[in-house]
Amino acid sequence: MLGNGELIGELETTWDELLNHGDEPFNLSFPLVRGDCPSLTLKAAVVQSCDNQDNTLLDSTADCEIDRDTDAGHARFVEYVSSESDSYLNDAVEHFQSVLDQCPVDHPDRAAALTNLAWARLKGYIRKDFQDIDSVTSLFREALELRTQGHPDHPLSLYHLTEALTWRYIKEATAVYIHESAQLYCKLLPLCPEGTYLCSIAAGENGVDYVIRACNNLPTNASDEGIHLRRIVLRLCPLGHQHRPDALYELSSAFQLRFRQCGSIDDIDESIRVGREAVSLCPEEHSKRDAYLNNLGYSLRFRFDHQGRSHDLDEAICVYEEALRMCPAGHDSRRVSLDTLGGALRSRFYEWGDVNDINRAISLRREAVTLSSPGNPYHDTTLHNLAITLKTRYNKFDVSEDLDEAIDLYRESLRSRRLDHPERHRNLFNLSSVLCSRFTKTQKNEDIEEAIRLCQESLEALPSLHPDRFNGYTWLQEAYLSRYRVQSKSADLSLTVENFRLASRHTTQGFPDRIKEAIDWARQAEVYQHESALEAYQICLELFDNHVMTRSSIISRREAATAFRGAQSLPVDAASCAIRRENLQQAVELVEQGRGQQWSLASRLRTPLEDLESTSPELARELSELSKSLSDAQGSAASTDRVAADRAATKYRRLTRQWDTAVAEIRNLRAFSRFLLPLSYDDLQAAARHGPVIIFIASQYSCSAIIVPTSGEPHHVPLPSVTLTDLNNLKDRFARAIRHASIMGPKVPRNDLIVLLRTVWNNIMLPIVNVLQHDLKLKFRSRIWLCPTAAFTSIPLHAAHPFQTKADGSKEPCLEDLYICSYTPTLSALVRSRQMMKSRVAPSFATIGQGQPGAGKGKALLAVDSELELVQKLVPAMATRTAISGDAATRAGALEALEENTWVHLACHGKQDPTQPYDSHFVMKDGPLTLLDIMEKDIPHAEFAFLSACHTAVGDEETPDEVIHLAAGLQFSGFKSVVGMLWEVDDAVAKHVVEAFYKNMFKDLEDGGDMDCTKAAWALNRATHAVKTKVPLEQRMVFVHIGV
């Protein structure tokens, strides 16, 4: 090696001293340099001159020339370093250039020659004696190419190139050079052992630390290259490194900015993950902790806006509060903390309506404005944010002063903001929104014209997929609709609908905002009778499915489904809309898609794959494995550990994408184009294979029924005497009448119930029976299935009764005299149960009873043990029998019995949880057996369950008209036929129904035959007739059959 351009010492010795070592190498040591002790290993030899001109002599002569020029170059370079005279530099460069000229490409010393010349030129560049930095970096690059990975001087060449690039960045402030320098340091540092000279200069203050600081000071860049740089810088800052928190903060900010530009949930998740680590590495006294907290809060709020998860907003407020506590009056960052906390409180007010939140938000943001006077670079932002908060309060309380001040603040903010400001479009559409609000009050045309112009200008400033275009479409829609309401021009209504459509379909905006916009679209289309209403409903339901599917737990899916005002009625309102447009098949499809959402999302992981296996075994195996992984990943409830929950959600989302890809590939197969898509009418009609299914539509726009026959087109049955208000009143009256009947003597007439059941017969069931008898020609005692929606779910439709006597003295038949009634939560649930009936196993029967649940879990059920004994006696000998009761009737014991038996009779307390239906449960000895516990079991060979427990067939009023109860949960888990109860029943009285039911169920089996769960509806019908004289009306009609 010829040297590297730095004087580390001078050697004074004689030839004799050098030659005394003979042929053995020896070391020469020099004084310490930067803590290291340099040394030189030499081997001396005498070269004899000779007269011949062979190659050896020529090579030796050439090497001597190279050595002399190199030594001269170093000598001049040392003089330049000490004297700063550029003449010495020019001489050094001339000598080094001469050496390079003598070292062709294949010369062993070429890399050293390149390095010496480049190093001298770099020093001249640093001291401004040379301007040509391009040649310097080119020389270092060529040297590095010659010293490849593994060469002893490869690390040194890496270092030299980083120095050149770093100094070029210092001089030119071009980010690409410091970016490349950081990349090279990632390669260099692992090659520098601790304690070496190279490590001391590369890892020091002027080496990699400078590069890290320089990168951290670059403007936030959300491009792929910018984020790549931030990842490289983070690699340069391992755990314990002083600059790691800053590197994490910058990476988090880059992901955050890319999310705001592109709307990818992966980016904001990563921003939060990295931001959490930055905060965790900073003790409370750290000078930048408030900045890291605020940055984390921003990301949490952005994810809340995109995903609608309330815990993100709660956490954001917590971190903002902490940041504000760290910024007392006079602190440089107080303005930021005031502003960010105010924004989070405004969002919480918008969600929950606590007036204290909005008032505090305004107070905080007013203080922020006082800390950013005109001329402050953030003055326009603080004005804009205060205006947003005032507008939010105006929307709720209609205080004109808030609106007027908001308009003034928006205008001042817009004047203060430069034309190329990246957030200027927000000023435009937010000013548009307040002008639109003022137009609604004053009807001044100039306000609405300006509002429309501002929105159009904001949209022109944004690329087609920018997430904020959603807001532009939203406010433009609002402006056109406001003008339509005043001026009644059809063009404005058309433009309103077009912007509703654009907003709802804007893919880079989060599902929650798009769902709200689609709901509003449907409502406005209904109000103004626009033809797009049905399209709006379809988009609503599609967005709902996609949004709920992003949640990784069953409970969080329900939370997502219940988070939108007015969403509960979407399925029935969509069906009503389709009925009014005389599209009955689509009405059936829409109500099924909306009402079966929770069950269909859960059941997709249990889709039978036999048909797919015969067509594509590889895809069937891949989907089966993904189903298992997704099932394991989804869990039953969200974790309280936010970091763990975020990690689980990210994993779930990754698996979901793989699942979607696999499903898309399956749909490309010839016979699988509709694989796992919402069922079409033709598919759903399979539910009516053994009798018509009657769907009861309870919408604010109309109440009616659709009869799905065994074949052919559906039949519409208008119910003109019934409104949604009537149904809600009827529901409440039934609840009161049943409570009243429960305290009456068994022989006392149930007059209130009789009146109500007669109303159900006359206004609801009689028109349907007329169609069944006269149009469908349905035979007497045929089976029918009732599929109620909304308020219909709380009305005992199966018990409808005219309570009238004919002219000949005979009694008018009731519904259960005419037909065998069953219920089904959805048509697809019935289809699925029928499909699972294909394979059957030998019957096994388990009785599970818990009559002594313990203190605080309900009163003792004294008849449970005798009921179980009775059932055991009535079960045919062909079935293996298991009995679990008393202390053995635990949660685990009951679950095991459900899994291992095809027939189950369960007698205990049943509890429906009105606030969280998945927590509805059967009361066992050691704790609750919940609906969630049941849903997590897949029991494909199960057949029948009798739930002799209260409230096992009462649904959920919060989800979009979803039927979520214990009986439906058992059906979902595999039980094809289930008997449940609508309300509380006396266990001693229930025993009469149980006995009559099983006697009819197993009638004639003594002579052979199979236990058949499809007889359950008929057996229940016969049982309730048989006990009329023993059991009061409300205790008979409490029993319902669900399933096949």
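Predicted model: local features only at pLDDT ≥ 70, side-chain atom pairs only at ≥ 80, totals over all residues.
Residues are numbered from 1 along each chain as its sequence is written. Local features need pLDDT of at least 70, and side-chain atom pairs count only at pLDDT 80 or more.

Me: How far apart are the end C-alpha atoms of helix α17 (residues 379-397)?
Reply: Helices here are DSSP runs (H or I, at least four residues), numbered from the N terminus. The expected span is 1.5 Å times one less than the number of residues. For the 19 residues of α17 that gives 27 Å. The end C-alpha atoms agree, at 27 Å.

Me: Which residue just after α17 takes a positive phi?
Reply: The phi is about 55 degrees. The residue is D398.

Me: How do α24 (residues 533-549) and α26 (residues 570-580) run relative to each other, roughly parallel or roughly antiparallel?
Reply: Their axes, lines fitted to C-alpha atoms over the stretch in contact, lie 9 Å apart. The angle, taken on a scale from 0 to 180 degrees between N-to-C directions, is about 150 degrees. Angles over 145 degrees count as roughly antiparallel. So α24 and α26 are roughly antiparallel.

Me: Which residues of α26 make the contact with α24?
Reply: Contact means heavy atoms within 4.5 Å. α24 contributes A533, L534, Y537, C540, L541 and F544. From α26 come L570, D573, A574, C577 and A578.

Me: How many residues of α26 are buried?
Reply: Buried means under 20% relative accessible area (1.4 Å probe, protein chains only). Among the buried residues are L570, D573 and I579. α26 is mostly covered, and of its eleven residues the buried ones number ten.

Note on methods
Heavy atoms only, no water. Helix = DSSP H or I, 4+ residues; strand = E, 2+ residues; numbered from the N terminus. Parallel < 35°, antiparallel > 145°, perpendicular 65-115°, else oblique. Buried < 20%, exposed > 50% of the residue type's maximum accessible area, 1.4 Å probe, protein only.
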